[in-house]
There are 2 protein chains.
Amino acid sequence: MANMIDVARLANVSTATVSRVIQNPETVKEKTRTKVLKAIDELNYQPNILARYFRRTETKTILVMVPSIANNVFPQMIEGIDLVANQSGYKVLLGNTNQEPDKAYSYIEELKQKQVDGMILLTTRLDYQIISELGDDYPVVLTSDYIEGLTAPTVAIDNISSARVAVEHLLQLGHQRVGIITGPLDIPLSRDRLKGYRQALLERDIGVESVLIQEGSHSYESGYNQMQKFLALDKSPTAIFAANDTMAMGAIKAVKAHGLRVPEDVAVVGFDNIQFSAIFEPALTTIAQPFIEMGKRSMELLLKQIKGEPLEKKQHVLDTKLIIRESCGSQNQD
Amino acid sequence: MANMIDVARLANVSTATVSRVIQNPETVKEKTRTKVLKAIDELNYQPNILARYFRRTETKTILVMVPSIANNVFPQMIEGIDLVANQSGYKVLLGNTNQEPDKAYSYIEELKQKQVDGMILLTTRLDYQIISELGDDYPVVLTSDYIEGLTAPTVAIDNISSARVAVEHLLQLGHQRVGIITGPLDIPLSRDRLKGYRQALLERDIGVESVLIQEGSHSYESGYNQMQKFLALDKSPTAIFAANDTMAMGAIKAVKAHGLRVPEDVAVVGFDNIQFSAIFEPALTTIAQPFIEMGKRSMELLLKQIKGEPLEKKQHVLDTKLIIRESCGSQNQD
DNA sequence: TTGTAAGCGTTATCAA
DNA sequence: TTGATAACGCTTACAA
C-alpha cells in the first residue's frame, strides 16, 4: 500500500503538500493540487487512518453505553444517534454493560484513554458523582435519566409530568381507584414516574394508598405478577398505570387470566409506546417517548462538546405524547 | 499524561523493557519487572492505545453490518456477537446500512483501510461476488444468509428444511389448503423458505397453487394485506405459513378483522420466535431461530480468521426448533 | 536479560 | 505557496 511519501515523490512535492491537499485543498495552488491528486489516483493512495488518529489523538468514534441491546427501546435511540453520527463522520461503538458495573467502568476507561472521542450513556446506574466528574473532563451526554443537579448534559423526557398525564387520563375516564406498577425504584426514572402518579391523585384529592403501589422490574412477568396482587385485593383497582408497556402487557394478561376484560373491567395505561404496543390486543393506550429524537439530540449535544462549542442549554427535555388506543376505553378525547 | 519514556526514565530502564513488562512480563527479570511496575503505578501510566494500534496495524475492533438496528432480530444477534467479542478483548462497531448500498460500501472501505480487524454481515443485499472477494482478502463472516457457492464463511440456519417443518406441522394437523406469505423474494432467505413450503406440499402430493403464494415485505402491514387477499379468495386457505412472526401477527389480525378465529378457522405458523411472539394472542406457533447462538458462532469464526487459524468448516448451519403454542391449535405433539 | 535505535505514516511548526 | 523536519508513543529487530 502506497503511503504519503510515495505520493509526494511521484508528484514531486513534499509530504506536507500532500497532506494539505487532503486536509485543506484550498490552501494549495490549483496546479500543484491537480498534480498531487493525479499521483494519489495513480497510486490508488488511501491515507492511513490509524496513523492519523494517532497523530491527532482523536478517533471519530463515540461510544454508546447501554444496559442491554436486546431491549425494545434502546435500539431506537441508537438509531437516532447513529443517524447524526454518520452525517458528521463519526462511528458508533457499542458498549453493552449487561448491568455489570465493571463493564461500565471499563468503557469509562476507554473514554479516558481517548479510544473514543465521547460517550453517550443511555440510562445508568452509575453514581451521579462519577458521571458529573466525567462530564467535567470529557464529552459526555446522559440520555433518558434526568438527574437533579447533575452537571453533565442530559437529554430526557419529563417523567413526572408524563406519568401525571397518563394517570390523569385514567381519572378523567372516571376511575377513582388507580393502581401503579412501577419500575425498579433504585433508578430515578422509576421514582419520577411514581411521583407523577402521586401528583395526579393528590390534585384530585384522592388519597395515595400504599397497597395500590407495586414495584415491578420492567419485565412482562413482573407486570403479570404485580397485577395478580392487585386482583387479589378486597377492593382491587379499576385502573392501572404501568410504568412501561411491557409491564402493561403483563398486567393485561393477568386481568384476562382472571376472567376480566380490558378496558371494561380494568383500564390499563402504559408508558414508552414500543413498536408492539399498537399490535397488542387491546392496543395499548400509552405515553409515547420520542426515542429517535432523543438519540439525535444526544448526539448533537455530544458533537458540540467534542468540537468545544459552548452549550446554550445543558438539560434538554423532550415532549412526550399520550397515545389513546384501546386499553383504557375512550370517550372521544381530541 | 505520562508516556513510556517517563516510565523508563523513572525506573531506570529502557522503553523496550517497559514495553516488555506490559506485553510479555515473563521475559523480564522479576526484579526489573517490579521496578517498572512501581514506576507505572507511581506515574499512573496508561499506554497510548492509539499509538499501539497504529504501530501494530490492528484495532481490536470489528464491525457489524446490519440493515437496521431497530428491528427485533438483529439486536439479539448483536448481543451474541458482543458477548464473545468482549471476552476476547474486541470492540463492536455498529454499521447500520439503512438498506442504502452506499453505506454498505463505505463500511467495506473501513475494513479495507484496516480501521477494523474484521466484519460480520447480518444479512445483506450485496452482490455475492463482492462478498466472496472480500472474504478472500479480509476476515469476514456472513450471518443468516446461506448462499450456495459462497467462499466466505457463513453462519445460518437451514431455511428450507425449517420452513418445511413449519408447513408439515400444518399438514399434520389436517390442513389441505395452506397459503404462504413470503418475505421479499429478492433475498435468498425468502426464496429458501418458499422452497421449504413447496417441498412440504409436494411430499404429500398436494399441488402448489400460485394463488396461495403471496409476497410480503416482512412487515406487519404486509402480513395483514396479504392475508386479506387470501380471505377474498373463493376457496380461501385454512392455514397460513408466514415467513416471519411480524407478518404472522398481521395475518392473524386480518383473520380476526374478518370475523374469523385463529386457530379454529385459520391456523397460522410464523418464523423467528421473536420475543413478542409468546405474548401475542394467540401465542404464536413458530420456528425458533437461535439468534444469540448465531451471533456467538459468527464472532468465533471471525476471531479465528483474524488470528489466522484455519477454519475446519466454513458453512455453519445451526438448528432451529418448532415451538408449538396456540396459533395453530394442537393435538399434543411431543 | 536488557539496551539501542529504527521505524510506523501522519500532521504541524517554522522557515523559506 | 511550498518544503524540511520534528514530533506523536509505541514495538521490535538486533546488538550487547
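Predicted model: local features only at pLDDT ≥ 70, side-chain atom pairs only at ≥ 80, totals over all residues.
Across all chains, a search of the whole structure identified six aromatic pairs. In one of them, the ring centres of Phe276(A) and Phe280(B) are 6.3 Å apart and the ring planes meet at 65 degrees; the pair is therefore edge-to-face, the angle being over 60 degrees. This pair crosses between chains: Phe276(A) belongs to the loop between strand E9 (267–272) and strand E10 (285–288) of chain A, and Phe280(B) to the loop between strand E9 (267–272) and strand E10 (285–288) of chain B. Both Phe276(A) and Phe280(B) are buried.

Phe280(A) and Phe276(B) likewise form a pair, with ring centres 6.3 Å apart and planes at 65 degrees, so this pair is also edge-to-face. Here too the contact runs between chains, from Phe280(A) in the loop between E9 and E10 of chain A to Phe276(B) in the loop between E9 and E10 of chain B. Phe280(A) has a relative accessible area of 3% and is thus buried, and Phe276(B), at 9%, is buried as well. Through ring pairs, Phe276(A), Phe280(A), Phe276(B) and Phe280(B) are linked into a cluster.

Aromatic rings also take part in contacts with arginine. In chain A, Arg193(A) is placed over the face of Phe271(A), at 3.8 Å from the ring centre. In chain B, Arg193(B) lies over the face of Phe271(B), again at 3.8 Å from the ring centre.

Helix H8 of chain A (residues 159–172) contains 14 residues, which at 1.5 Å a residue should span 20 Å; the C-alpha atoms at its ends are 20 Å apart, in agreement with this expectation. At the start of H8(A), a side-chain oxygen of Asp158(A) comes to within 3.1 Å of the backbone nitrogen of Ile160(A). The buried residues of H8(A) are Asn159(A), Ser162(A), Ala163(A), Ala166(A), Val167(A), His169(A), Leu170(A) and Leu171(A). An α-helix has 3.6 residues a turn, so residues three or four places apart point the same way. Just after H8(A), Gly174(A) adopts a positive phi of about 105 degrees.

Conventions:
Residues numbered from 1 in each chain as written. Chains lettered and ligands numbered in written order. Heavy atoms only, no water. Phe/Tyr/Trp six-rings, centres within 6.5 Å; stacked < 30°, edge-to-face > 60°. Helix = DSSP H or I, 4+ residues; strand = E, 2+ residues; numbered from the N terminus. Buried < 20%, exposed > 50% of the residue type's maximum accessible area, 1.4 Å probe, protein only. Lys NZ or Arg CZ within 6 Å of the ring centre and 35° of its normal. Expected span 1.5 Å × (residues − 1). Polar contact = N/O pair within 3.5 Å; in protein donor to acceptor, adjacent residues only side chain to side chain.
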